[in-house]
Protein chains: 2
Amino acid sequence: MKIPPVKGTRDFYPPEMAVRNWIIDGWKKVSLRNGFEEYDGPIFEYLKMFQIKSGDEIVEQLFSLKDRGGRELALRPEITPTLARMVNQRINSLPKPIKWFSVPRLFRAERPQKGRLREFFQWNIDIIGVDDVLADAEVIFATIDYLREVGLSREDIKVKISSRKLLAAFLKSLGIPKERLEPIFAVLDKKSRVPPDTFSQMLDEQIPDKDKIRKILEFMSLTSIPELDDFIKLPDEEFYAYNEIKILFTNLSFMGVGDFCVFDPTIVRGLAYYTGIVFEVHDVTDNLRAICGGGRFDNLLRDFGGPLIPATGMGMGDCVLEILLREKGLFDKKVSKRELEYFVALADRVFSKRVYEITAELRRRNFSANFSYKPLSGLAKQLKEASTQNAKKCIIVGSEIENDQLVVKNMATGEQELVDYDEFWSRLGRQPG
Amino acid sequence: MKIPPVKGTRDFYPPEMAVRNWIIDGWKKVSLRNGFEEYDGPIFEYLKMFQIKSGDEIVEQLFSLKDRGGRELALRPEITPTLARMVNQRINSLPKPIKWFSVPRLFRAERPQKGRLREFFQWNIDIIGVDDVLADAEVIFATIDYLREVGLSREDIKVKISSRKLLAAFLKSLGIPKERLEPIFAVLDKKSRVPPDTFSQMLDEQIPDKDKIRKILEFMSLTSIPELDDFIKLPDEEFYAYNEIKILFTNLSFMGVGDFCVFDPTIVRGLAYYTGIVFEVHDVTDNLRAICGGGRFDNLLRDFGGPLIPATGMGMGDCVLEILLREKGLFDKKVSKRELEYFVALADRVFSKRVYEITAELRRRNFSANFSYKPLSGLAKQLKEASTQNAKKCIIVGSEIENDQLVVKNMATGEQELVDYDEFWSRLGRQPG
């Protein structure tokens with residue numbers, strides 16, 4: 001009986017697995033060097049947990065299931081609710097600031113499309129307990145640190161940064177009341193994704209005053225901090241929002257990543273839970289979806305039943321990233337092919353015992369090693385098997401072993417060397433684990 | 001709103017995550033050095049896929065869900081069906097032998113108990129395309145190679161090995177017809193888990209002949225290959241089954257792991273799909289469930305719509321293993337605590353820019369580094385923060401930087417050193433990725 005895989009999922013054969021591991025190992029390495037500690041939660045949580053942050057709309061994008069007691073569960077579509085739950089559970093005993101990362105496997109019951117699958121991996125970094133914009137700078141720095149590490153430069157990607165606080169301050173300075181902000185944010189968030197006419201019309205529906213719309217459109221088309229400096233006039237009590245994003249850009253340039261970053265007020269981020277700095281990384285041509293996005297979410301832990309503690313973070317999925325890295329040809333250069341350090345071949349069947357011994361000892365010393373399961377097929381076939389497995393060296397066990405000698409063949413050059421048995425092992429040493 | 005985690009799942013805070021990573025990294029390292037390549041499949045598959053191998057009983061142990069088209073899916077309770085599906089899909093293009101490993105996250109909708117959770121990780125190694133018992137020896141060797149690597153010795157664990165082929169040959173030699181074997185296997189599999197009286201009774205129900213039962217019980221109480229040699233008398237056409245397990249033990253001793261292995265005919269393995277050598281690893285006291293189990297399953301690929309290709313493999317979950325390693329005190333010795341290589345402290349606020357620069361450069365060179373988000377809190381508080389983060393060294397940026405010098409403090413000894421700025425970087429070099 002032949003059964004296909006479920007649409008929108010992936011089979012990771014060894015070559016695809018090598019790519020996945022390369023991406024994820026990079027995420028982990030960069031997280032650790034940026035001082036983040038790893039955590040993870042369960043693949044499923046109670047369904048209602050995902051509604052707290054994202055409302056009831058999320059439910060139809062979830063894979064839901066039931067436990068044996070009939071309780072509604074769902075496969076996690078993101079890890080932030082789990083993070084909030086876990087941090088709240090131990091809020092008093094965890095040293096602050098909490099600087100955590102995770103690489104969860106996530107699920108969305110959507111129609112699969114380019115860069116969006118039903119099952120994917122997402123790098124998450126979060127800093128909890130710091131209201132200073134320095135934490136936002138750290139999150140953006142770590143994000144760029146990774147993208148730079150895998151070979152992307154400012155010719156490939158840009159980090160678009162804005163501030164919801166600044167946007168709110170600006171709208172308030174136009175006389176728009178606080179309770180109108182959320183629906184207007186939702187419209188402004190669409191600017192780069194709908195045709196200009198549609199956008200205009202959506203804005204008209206929210207704001208009757210043409211003059212205000214004109215000013216909003218002017219604000220939305222700013223492209224740098226100096227332009228913002230010239231444009232913005234805020235009352236003193238709203239000034240901190242402006243100051244904050246200025247300091248952010250200064251910090252990012254001190255950290256040496258300023259040239260990746262642009263001020264872009266069209267970045268609003270759809271989700272209502274963002275409260276301050278927001279950002280997205282895009283490829284410079286803007287042909288793909290965002291590579292990642294993040295920002296400040298100071299109310300989330302409270303929304304999950306904990307105290308009011310500031311937080312900021314970022315999430316980067318593997319699907320869009322992989323498309324971009326493939327387009328740029330970065331895998332071919334960087335993902336290493338399967339390699340075997342030693343293949344132990346048998347030239348004379350009476351010595352088969354020695355083949356197993358040598359292979360076992362190589363492995364104990366942490367060198368990858370194989371032998372043929374068809375040792376009687378002859379040396380030529382075994383060497384071919386070694387080549388198929390991309391072996392670097394071949395140890396040939398033949399009558400020389402009676403004189404305590406091994407033949408070691410370099411598979412790249414074809415050179416063969418007769419080596420004293422004990423000398424072989426003392427030269428080899430042990431590979432660190 | 002406070003929501004608890006789902007029962008039978010685990011939250012991995014950084015300390016628990018370190019243990020999980022240590023276990024999984026070990027599995028991966030040992031797999032690679034034993035010449036296995038990594039693969040993975042989706043977390044969910046069509047429900048019916050799991051019924052092929054394990055029958056309808058499995059359904060109530062599954063977390064089932066539906067896709068948007070209403071098709072029945074299930075979270076994978078094991079990865080072998082996915083392995084069979086994936087190998088069958090590319091059977092003609094994959095080089096043989098296929099030697100693959102995976103560390104899937106798996107799910108069972110059972111009542112959680114000691115060593116059995118609803119969500120767990122399992123190391124799987126499989127060799128496909130080899131009928132020689134050498135492949136079974138390799139699987140057992142790799143299993144022991146890992147257990148030895150994490151610090152377990154033959155004083156801690158034993159590998160119990162038997163053969164379904166041998167058991168079948170023996171039962172047939174007693175005149176038991178082939179079609180009666182499967183239900184008798186199911187009873188014999190229970191021997192070590194039910195009281196002797198219950199076992200006797202179950203056997204009586206299957207086999208009316210007291211003399212045959214006596215002989216079966218004698219066979220089942222054999223404890224070594226020499227005992228088997230004295231006991232067994234098989235007709236010539238059944239001799240290969242006996243020969244095979246003898247060769248297996250010889251190979252295992254050639255590989256240097258013979259002293260971990262015992263012949264134990266009570267190992268039958270519950271699942272009907274095993275066809276030859278079967279084995280389990282237990283702690284020597286037999287107080288825990290099996291640490292892992294495996295064996296030969298030559299019909300599985302055919303059952304999944306592929307060709308008849310021999311296969312053998314092993315699965316080891318993380319839960320029982322973790323209990324055993326904890327009992328033996330092996331985590332305390334081996335799992336390293338969180339460590340930060342550098343903490344960059346600010347002694348004078350006018351140099352904050354330099355703190356960000358230095359931290360960014362350390363990270364670029366692949367050293368883990370942090371600075372304080374409260375740099376104005378004073379040097380003493382920053383050093384305390386560095387200690388909390390278990391920093392090895394602290395770089396103190398103060399007025400010395402005006403003379404191009406840094407203060408480097410060794411956090412273990414408390415020693416401070418004044419280092420020339422350029423010399424610091426040239427001494428440091430770059431840490432390999």
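## Chain A at a glance

Helices and strands here are DSSP runs, with a helix needing at least four residues and a strand at least two, and they are numbered from the N terminus. By that count, chain A has 16 helices and 17 strands. Keep in mind as you look around that this is a predicted model.

If you box in its C-alpha atoms along the principal axes, you need roughly 95 × 55 × 45 Å.

Now for the inside of the chain. Out of the 433 residues of chain A, 38% count as buried. Take the contacts in chain A with a separation of 6 or more: 68% of them are between residues 24 or more positions apart.

## Two chains, one axis

Let's bring in chain B. The contact between the two chains takes 71 residues from chain A and 70 residues from chain B. On the chain B side, those residues split into 36 nonpolar, 21 charged and 13 polar.

How do two copies of a chain relate to each other in general? They are related by a rotation about an axis and a shift along that axis.

Is A:A360 buried or exposed? The cut-off for buried is 20 or more other C-beta atoms within 10 Å. A:A360 has 22 of them, so it is buried.

Which residues does A:A360 contact, once you leave aside its neighbours within four places in sequence? They are B:F141, B:M255 and B:G256. Within its own chain, A:A360 is 12 residues along from A:D348, and their C-alpha atoms are separated by 19 Å.

## Two helices that cross

A pair of packed helices is described by two things: the angle between their axes and the distance between the axes. The crossing of α5(A) and α10(A) is left-handed.

Who does the touching? From α5(A) come A:K165, A:L166 and A:A169, and from α10(A) come A:A241, A:Y242, A:E244 and A:I245. Sorted by type, the residues of this contact are 5 nonpolar, 2 charged and no polar.

## Backbone spots in the loops

Some backbone details are worth a look too. The peptide bond between A:K96 and A:P97 is cis, with an omega of about -5°. A:P97 belongs to the loop between α3 (80–89) and β5 (98–102) of chain A. Chain B has a cis peptide bond from B:K96 to B:P97, with omega near -5°, and B:P97 lies in the loop between α3 (80–89) and β5 (98–102) of chain B.

Then there are residues other than glycine with a positive phi, among them A:D286, where phi is near 60°. You'll find A:D286 in the loop between β10 (277–283) and β11 (292–296) of chain A. The limit for exposed is 12 or fewer C-beta neighbours, and A:D286 counts as exposed because it has 11 of them inside 10 Å. A:N390 also has a positive phi, near 60°. Its loop runs between α15 (379–388) and β15 (391–397) of chain A. With 12 other C-beta atoms within 10 Å, A:N390 is exposed.

## One more loop residue

Finish with A:G151, in the loop between α4 (133–149) and β8 (157–163) of chain A. A:G151 has 14 C-beta neighbours inside 10 Å, so it counts as partly exposed. Leaving aside neighbours within four places in sequence, A:G151 is in contact with A:L330 and A:K334. A:K28 is 123 residues from A:G151 in sequence, and their C-alpha atoms are 16 Å apart in space.

How values were computed: Residues numbered from 1 in each chain as written. Chains lettered and ligands numbered in written order. Predicted model: local features only at pLDDT ≥ 70, side-chain atom pairs only at ≥ 80, totals over all residues. Contact = placed C-beta atoms within 7 Å. Nonpolar A, V, L, I, M, F, W, Y, C, P; charged D, E, K, R; others polar. Left-handed = near helix turned anticlockwise from the far one by under 90°.
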